Amino acid sequence: MPIFWILLIVLAIAAIGYVAGRARALASAGGDIRALHSLPSYYGWNAAIKAMVPAFLLIIVWLIVQPIYVSSVVSGMLSDGAIPNSSSRGLVMAEVRRVAEGLDNAVAAGVIGEDAARSARADVIDITQRLKDAGQIVTSQITQPVLRAAQHFRIMHSTGNMMMTVAALALAVLGALWAIRENRAEFRARNIVETSVRILLISAASIAILTTIGIVLSLVFNTLEFFRLYPASDFFFGLTWSPSFSGRGGSSQLGVLPLLWGTFYISVVALAVAVPIGLFSAIYLSEYASPRVRAIAKPMLEVLAGIPTIVYGLFALLTVGPLLLSVFGADGLGWMKAGTAVMTAGLVMGVMLIPFVSSLSDDIINAVPQSMRDGSYGLGATKSETIRQVVLPAALPGIVGAILLAASRAIGETMIVVLGAGAAARLSLNPFEAMTTVTAKIVSQLTGDADFASPEALVAFALGMTLFVLTLGLNILALYIVRKYREQYE
Amino acid sequence: MNDMRPMERKVDTKEIKFDCRNVQVYYGDTQAIKNVDVKLEDRTVTAFIGPSGCGKSTFLRCLNRMNDTIDICRVEGNLLLDGEDIYDRRVDPVQLRAKVGMVFQKPNPFPKSIYDNIAYGPRIHGLARNKADLDDIVEKSLRRGAIWDEVKDRLDSPGTGLSGGQQQRLCIARAVATEPEVLLMDEPCSALDPIATAQVEELIDELRENFSVVIVTHSMQQAARVSQKTAFFHLGSLVEFGETGAIFTNPKDPRTESYITGRIG
């Protein structure tokens, strides 16, 4: 039975449990709601939760464990002789899985009967031909051991699914019945629901944290793998970035410094654009603008944040680049060779970051208590004096936070760089030259058809790790600054 | 009374500092102050009392045009400071507020050091020629604010780290530092405990030697303790104005009597 149906049936059992549990609690109180410990709906939820949660947990665990178990059993069936010299056990297992799937699909399409698919004496050549006729992808030659294994795989799989269905549904019914039995007037159903809500929230939070840990671990292990193949000192201190795609390592030079420099340079240009403009517009919006102007201007500014970065990239490539070229290029000052340059990407990225700075700063400036402004006005300060000397210092921790958030965005930005800054990894001070960033290079390293075990592909993880450590450091710095000023200003 | 400029005079010769005639204040369409006529004397503590919402704070805020920051607020009538209409087109509210300082209900020290809090006003008005001058102003103001002894060793620590009573005295010292002629206080003790209140009241009494002080208060005892003149507001009108002693012992208006004996308000 498909998982979807099992889920639906469990939900139906839970719904029935809800109604029955509620009715039973009411009946035990003689229909008087005031005699119940909790509101009737809590008794209903008690039954529904006890029907759903164990069944769903069982399904999840089963779905994780069953494939592992089946694979290990089937893999054990394959003798060493069944594995060709040029191949590996993993590849043969993939073949087994493919054949099993093909058989499944062929049976579903009616090309092969269920008996034939299970028959131990089935003719290998015949099966292969029939599978091909059914449009299933198989290698030209299915060997006897592979077919056997595939057949066994299918049987174990369907038995497992059947067992899971029965177990899950039984568990749901049992849970509902148990909860309905519990539901008497003095039963504290409200506390049960309260606990379940807490557990639900805790599990949601832990999923986020566990995912983060998982990502970090995958980064760490792949980075270590990379450093086994390529010396760490060359990676961190190398001044050249020239991966070779032809050979397997050796000739590649994978120094991270040009990429870091490009990232840093482009981010600095972007922040130099975004911070003043964003901050000034935030000050205007929160302190000077009339409510009507604010109501129109703020959402319009925030629209900038909703534009996909690829569109900014196009804007950089097709508009800003040629524009800069016409001023600084060969026809003008002669500093710029092509439209793709640090300046192009930086300017466009700065525009992209304006709403991040302005929107957050605006909220923070608005949060500065009016009493501060009154105090300053009461001393005869003008509006701009008040803003410069009272409001901004009071809002500083938040503004620093906003700027650092914008900085993390700038460091992590990819599309604008790919389209606007070019792809040349270069250590140069000229902002009108093409450079590239860590993120852009991660993309180009992984979109080629390089082998995933080669240093050219694995270097992406090392780059990702470097980026992760950088942004983490930036966030910690932001927290530290915010905390330090908070101590002072509260 | 023709010469309205502040001059060397004996303390007992009372000059009129603020002459308010026929003042009306509107918030949008609602009239918050109706026909208030009052003459506030120099070097005197004048208390505004009255039930909540009677307009006493609104009137106080008219005296240094703090109501300008509220868009819908409109002021009519004449408010003369030393004979000059403060709502005249030629008057810069920023300069007016330097002359008429204000202390607020809740202590609102700036998120700066104690020193910078005091130096804020003198710096924007260019009162100090050099650093030593500024140091002098800060010390003098803190002494006038009766807080110098408590903070002289930690002028660099943030003003927000002080206790509530210290913060309020810091705010008074900050207002004093710009050498105003009038000091407006909007319920300066309502957020303070009795000890801090006593300190602030003592301070107000000392300030009388140099400034004209106008204080809004909800505490009748406080008004009786610190003020020489008392004005009783009710529903936007000035009901009674006179010597504090007379108001509290022998009120002329039945509403004043009801209020000070606790029957209304």
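**View 1. Surface, charge and overall form of chain B.** About 11900 Å² of chain B is accessible surface, and carbon and sulfur atoms own 46% of that area. The model shown is predicted. Chain B carries 35 positive and 40 negative side chains. The centres of these two sets lie 2 Å apart. The chain holds 10 helices and 10 strands. Its C-alpha trace spans about 55 × 45 × 40 Å along the principal axes. The radius of gyration is 18 Å, which agrees with the value near 18 Å for a compact globule of 265 residues. Of those 265 residues, 55% are buried. Among contacts with a separation of 6 or more, 65% link residues 24 or more positions apart.

**View 2. Strand β1 of chain B and its two partners.** Strand β1(B) covers residues 16-27. Nine of its 12 residues are buried, so the rest of the structure largely encloses this strand. One partner is β2(B), residues 30-41. The two strands run antiparallel and are joined by eight bridges. Another partner is β4(B), residues 73-81. Here too the strands run antiparallel, with eight bridges between them. On the β4(B) side, B:D19 has B:L80 as its bridge partner.

**View 3. The hairpin of β1 and β2 in chain B.** Two residues lie between the strands of this hairpin. B:G28 takes a positive phi near 65° here. Two cross-strand positions can be picked out. B:C20 faces B:V38 of β2(B). B:V23 stands opposite B:V36, also in β2(B).

**View 4. Strand β3 of chain B, covered on both faces.** Residues 45-49 form β3(B), and five of its five residues are buried. On one side sit B:V45, B:A47 and B:I49. On the other sit B:T46 and B:F48. Every one of these side positions is buried, and both faces of the strand are covered.

**View 5. Parallel neighbours of β3 in chain B.** β3(B) pairs with β8(B), residues 212-216, in the parallel sense. Four bridges make up that pairing. Within it, B:V45 stands opposite B:V213. β3(B) is also joined to β9(B), residues 229-234. This pair runs parallel as well, again over four bridges. B:A47 has B:T230 of β9(B) opposite it.

View 6. B:E15 belongs to the segment before β1 of chain B. Is this residue buried or exposed? Its relative accessible area is 12%, so B:E15 counts as buried, the cut-off being under 20%. B:T44 is 29 residues away along the chain. The C-alpha atoms of B:E15 and B:T44 are separated by 9.4 Å.

**View 7. B:A146, a positive phi between two helices.** B:A146 lies in the loop that links α4 (131-144) and α5 (148-151) of chain B. Its phi is near 55°, a positive value in a residue other than glycine. With a relative accessibility of 34%, B:A146 is partly exposed.

View 8. B:E187 sits in the loop between β7 (182-186) and α7 (194-207) of chain B. Phi is near 45° at B:E187, a positive value in a residue other than glycine. The relative accessibility of B:E187 is 10%, and the residue counts as buried.

**View 9. Chain A, a spread-out chain.** Chain A contains 17 helices and two strands. Its radius of gyration is 32 Å, well over the 23 Å that the globule rule gives for 490 residues, so chain A is more spread out than a compact globule. Its C-alpha atoms fill a box of roughly 90 × 80 × 40 Å along the principal axes. Buried residues account for 42% of the 490. Of contacts between residues at least 6 apart in sequence, 72% join residues at least 24 apart.

**View 10. Surface and charge of chain A.** The accessible surface of chain A is about 25200 Å². Carbon and sulfur atoms supply 68% of it. There are 33 positive and 29 negative side chains in chain A. The centres of the two sets lie 7 Å apart.

How values were computed: Residues are numbered from 1 along each chain as its sequence is written. Chains are lettered from A and ligands numbered from 1 in the order in which they are written. This is a predicted model: local features need pLDDT of at least 70, side-chain atom pairs count only at pLDDT 80 or more; totals for chains, interfaces and linings use all residues. Side-chain values use heavy atoms; hydrogens and water are left out. The radius of gyration is taken over C-alpha atoms; the globule rule is 2.2 Å times the number of residues to the power 0.38. Buried means under 20% relative accessible area, exposed over 50%, partly exposed in between (1.4 Å probe, protein chains only). Contact means heavy atoms within 4.5 Å. Accessible areas come from the Shrake-Rupley method with a 1.4 Å probe; for residues, only the protein chains shown count as cover. Lys and Arg count as positive and Asp and Glu as negative; His and the chain ends are not counted. The place of a charge is taken as NZ of Lys, CZ of Arg, CG of Asp or CD of Glu. Two strands pair if DSSP finds at least two bridges between them.
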